[in-house]
Amino acid sequence: MTIQWFPGHMTRAKRQIQEKLKLIDITIELLDARVPLSSRNPMVDEILAGKPRLIILNKSDLADPRITEQWITYFKYEGHEVIAVDSSTGTKVNEIPEKARELLREKIERQLSKGINPRAVRGLIVGIPNVGKSTLINRLAGRNIAITGDRPGVTKGQQWIKVGTEMELLDTPGILWPKFEDELVGYRLAMTGAIREQVLNVEDIAFFALRDLAERYLPALQERFELDITSIDPANSDDIVQLMEAIGRKRGCLLSGGVVNLEKTAGIILREMRAGKLGRITYEAPFPDHAE
């Protein structure tokens, strides 16, 4: 299945970001800690034109902490500063302004040496839809100023938001890219809710998710749905279909004649995954011990 979603407002957002770059000191690239690589827009390097960058692994409360540490190591090896945060509770969010100023230390010191009083740091927040940009901005600003929502495409325009006296942030709409070269990227983004469910097959996404969970988080799957599935083979499609049907029967998702309503079952699986009810799960890792 090919997943594509590139609304017109995203095209406009890309152009608007490029127009605002001359006003920006630093970019804050927001990634989903559960899928750091898949949630990293390959267009960003081109759009941001070499601006200093701080990577934020958001929703770290939902991600496997061991794998999050691996991703931090990975991005630092790439030469980036990185912080894992949870914008919904505020965990480590207060480190962001300080880290941004550290990245701009040389520029600030040059200004001070010339007798120039540095103005507030201007940061640009970029990220894909539903990665938590508006929630993070509200947490940093200490007030509800950016529109939030649990669905992609909530933010449609750009706005400057003050963070204390030392930082100003430019919020932007989430930007996906026109074509996912790797099909796995599309599936993973769909699993986390970065793509509107109206444009994809929910059953296909749940099937992919169950196969992934059965391979790497089987105990969590067993515990949440109260099923004995120790003999399941994640590589066997029939086993995954039977698993989905078993979950549907367990949750009462039945049609007339006792047939399992797979669409309703798929919706339950995805909602509970996204809400963290199966535990802290990461869907991709940078190192072989947790790779596909």
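## A cavity lined in part by helix 5

Helix 5 (residues 105–113) contributes three residues to the lining of the second largest cavity, the most that any element gives. The model is a predicted one, and a search of the whole structure finds two cavities of 30 Å³ or more. The second largest cavity holds about 90 Å³ of space.

Its lining is formed by D25, R101, L104, K107, I108, Q111, P118, R119, A120 and V121. Sorted by class, the residues lining the second largest cavity comprise five nonpolar, four charged and one polar.

Strand 2 (residues 53–58) is largely enclosed by the rest of the structure, because six of its six residues are buried. In a regular strand, side chains alternate between the two faces of the sheet. In strand 2, R53, I55 and L57 point one way while L54, I56 and N58 point the other way, and all of them are buried.

Strand 2 has parallel partners in strand 1 (residues 26–32), to which it is paired over six bridges, and in strand 3 (residues 81–84), to which it is joined by four bridges.

## Helix 9 and its cover

In helix 9 (residues 218–225), the buried residues are L218, A220, L221, Q222 and F225. Among the elements that cover these buried residues are helix 8 (202–216), helix 10 (237–250) and helix 11 (262–274). Helix 9 is followed by E226, a residue whose phi is positive, near 55°.

## A buried loop residue

The loop between helix 7 (183–192) and helix 8 contains I195. With a relative accessibility of 1%, I195 falls under the 20% limit and therefore counts as buried. The C-alpha atom of I195 is separated by 7.4 Å from that of P129, although the two residues are 66 residues apart along the chain.

Conventions
Residues are numbered from 1 along each chain as its sequence is written. This is a predicted model: local features need pLDDT of at least 70, side-chain atom pairs count only at pLDDT 80 or more; totals for chains, interfaces and linings use all residues. Side-chain values use heavy atoms; hydrogens and water are left out. Buried means under 20% relative accessible area, exposed over 50%, partly exposed in between (1.4 Å probe, protein chains only). Helices (H or I, at least four residues) and strands (E, at least two) are DSSP runs, numbered from the N terminus. Contact means heavy atoms within 4.5 Å. Two strands pair if DSSP finds at least two bridges between them. On a 1 Å grid over the protein atoms alone, a cavity is a set of points where a 1.4 Å probe fits but cannot get out, and a pocket is an open set with protein on both sides within 12 Å along at least five of seven lines; lining residues have an atom within 4 Å of a point. Grid points are joined across faces, edges and corners, and a volume is the space filled by probe spheres set on the points. Ala, Val, Leu, Ile, Met, Phe, Trp, Tyr, Cys and Pro count as nonpolar, Asp, Glu, Lys and Arg as charged, and the others, Gly among them, as polar.
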